[in-house]
Amino acid sequence: EPLDIETFIEVQDELSLILNDTDFRGEEAGPNATRCSRLFEIIQKKLVPFNENFEVVLALNPFLSDAVINKLIKSEFAWEEDGTTQALARVTKNPAVLRKLCKSKDNSTRYEVASNPSCPSDILEKLAKDVEISDSLWYCNNGVESFIQVAVIRNSNTPKSVIEGFLTNKYYFTEQEFVNSHGWSLVSDGGLDELRIFLLNEAKKRLNI
């Protein structure tokens, strides 16, 4: 039967329950998440062109094929609260996928890679040098905790040597370095002092100092 696309335009919550056994933009899929490859195909080919939010719903499913995942990795869909690659980076347990996503041009995606407990330690070491923020978290007024370095220092996979680097300000950066990366300033050097103190305190907690 022909698929009634209009029926699906504004029903991302209902579709998320069917597909992922969780609410729309949920943190992780529920125990009854579908493994139906045909449904994945229908969503990607038939629904996403009408509503890109469905792509985010799709990205949250843990049973996607490699072919579907590789298409999602190339997505550029994002908005204030979330995006396709951001959602994928948040929930995937596949280190190979995280290795690809850590190179994303999207700051929020790299933040989610750094937050993911399955992230390899060598990727976390690289992301410790990332001076950017999660645009999504910044939009939601998360301030200092929006920085990718905060996600790195809180990840249990982050090597001790990296934690010690935060303790000695090895990864400190200036406002100008942030501007060079981000394109414009969202923080002053004073604001970055707040970040440095935050990271120092987190490092002390991790090292039991």
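Phe173 counts as buried in this predicted model, at 3% relative accessibility, where buried means under 20% relative accessible area, exposed over 50% and partly exposed in between (1.4 Å probe, protein chains only). Because the model is predicted, local features need pLDDT of at least 70 and side-chain atom pairs count only at pLDDT 80 or more, while totals for chains, interfaces and linings use all residues. Residues are numbered from 1 along each chain as its sequence is written, and side-chain values use heavy atoms, with hydrogens and water left out.

A search of the whole structure returns four aromatic pairs; rings of Phe, Tyr and Trp (its six-membered ring) pair if their centres lie within 6.5 Å, with planes under 30 degrees apart counted as stacked, over 60 as edge-to-face and the rest as tilted. One of the pairs joins Trp138 to Phe147 edge-to-face, at 6.3 Å centre to centre and 85 degrees between the planes. Trp138 is partly exposed at 25% relative accessibility, whereas Phe147 is buried at 2%. Phe147 also forms a tilted pair with Phe173, at 6.1 Å centre to centre and 45 degrees between the planes. Phe147 lies in the loop between helix H9 (135–139) and helix H10 (148–154), and Phe173 in the loop between helix H11 (160–167) and helix H12 (175–182), so this pair ties together parts 26 residues apart in sequence; helices (H or I, at least four residues) and strands (E, at least two) are DSSP runs, numbered from the N terminus. Together, Trp138, Phe147, Phe173 and Phe178 make up one aromatic cluster.
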